Amino acid sequence: MAQDAPAAPAPTRTAVATSAEQRRAYIQFDLLIIPLIVLLFMGIFSFHFALLVGDWDYWVDWRDRRWWPLVTPLALSVLPGVFGYLLWDRLRLPVAGTLTILCLTFASWVSRYLNFHLFADFPMNMVWPSTYIALGLIFDCILLLSRSFFVTGLFGGFLFGLLVYPLNWPLLAPFQVPVELHGTMLTVADLLGYEYVRTAIPEYVRKIEQSTLRTFGEAVTPLTAVFAGFLNILNTWFWMWIGYLGAKSVWLRKIT
Amino acid sequence: MSATNIATVEAPPKAPWIQLALALFVIGSVFAIYRVYQHSTAFTLGLDYFSEDFQTYWMTLLYAQLPILTLLGAGIVGRLWFTRERYPAQVSAREELRRHYVVLSQILVFAIVAYLTASIFTEADAAWHQVTVRDTDFTPTHIGLFYLGIPCFIMAGIVAFTYAHTRLPKFIERVSLPFALVVAGPIMIMPNLGLNEWGHTFFYAEELFAAPIHWGFVLLGWATFAAGGLVVQLLTRIVELTRVMDKPAG
């Protein structure tokens with residue numbers, strides 16, 4: 001049977017005798033908890049992002065105008081939402097967006113270099129991770145200024161969707177330059193993809209630029225960004241609610 | 001009555017820094033050596049399951065590490081259980097604070113294994129699958145990820161969970177649901193691995209990493225979102241234990 005923890009009773013005993021001892025205890029807890037949180041964020045976010053966005057972030061030739069800007073913000077706002085609730089509601093720290101995304105970025109660079117470049121021999125300019133740090137900063141600033149999860153979800157969630165593509169455009173643009181190969185026009189990113197054969201993801205599973213997308217001209221990117229933004233408002237609110245549930249101190253009575 | 005029941009630590013307790021550093025050194029060394037071994041032999045001796053080299057260099061490793069990890073985990077958890085606190089009401093405040101340091105150190109070890117496993121070893125598997133076609137479930141990256149990393153992840157979680165529920169007075173009398181969820185996630189990855197491998201041999205030979213066949217792993221990873229509740233439970237008690245009685249803190 002589950003029950004919410006009762007309000008903390010007044011302590012009848014303590015483990016510290018002076019304020020100096022108390023400060024030393026807090027420093028020790030900080031030294032344990034801060035690396036714990038950072039490492040946990042690196043592990044969880046990396047795992048979550050790899051299995052939901054994965055190839056759209058692994059490969060430069062997967063960053064298209066339809067799926068990448070849609071899938072990415074939906075997966076990216078999960079940890080800022082969940083841990084944003086915890087860190088703001090319980091500790092008044094508006095840092096979850098920046099911290100979680102920084103952890104993801106660091107873990108991604110380590111992994112791309114060690115695994116995709118050194119281990120599997122892909123060139124780094126084919127497997128570099130996208131940049132999302134600015135989204136975390138915006139999310140945290142909105143939370144700090146508004147002090148409202150509703151407003152943060154509304155504007156922060158929307159901007160997550162809206163800005164993924166423009167934030168990465170300076171990095172991505174050189175790979176979108178058209179080249180001609182054997183009489184066919186393709187992008188530099190496509191060419192990289194054809195040159196470095198990935199046997200387990202043949203061309204028919206590369207989910208980019210599908211359907212009538214190419215006939216839409218330049219309107220596709222802002223269309224996707226705005227759609228992703230609207231969808232991500234609901235997504236961010238949902239994950240903040242999950243953060244509210246996750247931060248509950250629930251105890252189960254022992255059966256025996 | 002065990003020694004811990006009557007122990008009253010006079011000096012302010014300290015986190016177990018030496019033991020923690022030792023644990024980090026051992027874990028870091030094991031994973032680093034494993035990684036170097038994987039780097040040097042996966043693409044040379046680990047491509048053909050039916051080759052003699054594969055059996056020698058990879059399957060032998062699998063057959064060795066599984067019983068070692070099982071025995072190690074069972075031994076540590078068994079020891080924690082049999083030396084459990086039987087008189088939680090008699091634990092002094094300082095001893096209880098020291099035990100909170102130990103639990104947080106164990107959760108830090110859990111977090112380190114989580115990072116190594118869920119990021120570096122998981123994406124080594126992602127990179128591996130892009131350039132090879134599997135002929136076995138026991139690929140060199142799977143042997144490192146699912147039969148070393150995940151078991152270590154599970155072991156670190158169960159050890160911390162068992163320590164807390166056999167040593168901390170507030171945890172002895174009841175079960176922390178957030179802690180149980182955080183530990184259950186990694187445990188359930190193993191059954192989900194069965195589904196994943198079955199699916200890859202049946203209907204999905206490709207290795208699109210964001211494919212629905214992998215979403216079960218994501219769901220189990222989300223179990224760690226309950227860590228917030230665990231932090232609240234631990235910090236609430238730590239704040240109680242570190243109040244200065246003669247004048248208000250801060």
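In this predicted model, F225(B) reaches across to chain A, touching I44(A), V78(A), L79(A), V82(A), F83(A), W239(A), I242(A) and G246(A), with residues up to four places away in sequence left out of the count. F225(B) also belongs to the largest nonpolar core, a set of 136 residues in which W59(A), L76(A) and F225(B) have the most contacts. Helix α4 of chain B, covering residues 93–131, is the element that gives the most to this core, contributing 23 residues. In soluble globular proteins, nonpolar side chains tend to be buried together.

**The interface**

The contact between the two chains draws 87 residues from chain B and 75 residues from chain A. Three residues, E123(B), Q130(B) and F225(B), together supply 11% of the area that chain B buries against chain A, which is more than any other three residues supply. The area buried between the chains comes to about 7,000 Å², and carbon and sulfur atoms give 69% of that area. Charged pairs are also present: the rule finds two salt bridges across the interface of chain B and chain A. R13(A) forms a salt bridge with E96(B), where the closest N and O atoms lie 2.9 Å apart.

**Chain B as a unit**

The secondary structure of chain B consists of nine helices and one strand. Along the sequence these elements follow the pattern α-α-α-α-α-α-β-α-α-α. Further values for chain B are set out below.

| Property of chain B | Value |
|---|---|
| Span of the C-alpha trace along its principal axes | about 70 × 35 × 30 Å |
| Share of the 250 residues that count as buried | 56% |
| Contacts with a separation of 6 or more that join residues 24 or more positions apart | 77% |

**A nonpolar patch on chain A**

On the surface, F238(A), W241(A), Y244(A) and L245(A) form a nonpolar patch, and their accessible area together is about 390 Å². One of these residues, F238(A), is placed in helix α10 of chain A, which covers residues 220–246. Is F238(A) partly exposed or buried? F238(A) counts as partly exposed because its relative accessibility is 38%, a value that lies between the limits of 20% for buried and 50% for exposed.

Terms used:
Residues numbered from 1 in each chain as written. Chains lettered and ligands numbered in written order. Predicted model: local features only at pLDDT ≥ 70, side-chain atom pairs only at ≥ 80, totals over all residues. Heavy atoms only, no water. Patch = residues over 30% accessible without salt bridge, like charges linked within 9 Å, V, L, I, M, F, W, Y side chains within 5 Å. Areas by Shrake-Rupley, 256 points an atom, 1.4 Å probe, with all protein chains shown as cover. Salt bridge = Lys/Arg side-chain N within 4 Å of Asp/Glu carboxyl O. Helix = DSSP H or I, 4+ residues; strand = E, 2+ residues; numbered from the N terminus. Buried < 20%, exposed > 50% of the residue type's maximum accessible area, 1.4 Å probe, protein only. Core = buried A, V, L, I, M, F, W, Y, C linked by side-chain atoms within 4.5 Å. Contact = heavy atoms within 4.5 Å. Buried area = accessible area lost by both parts, 1.4 Å probe.
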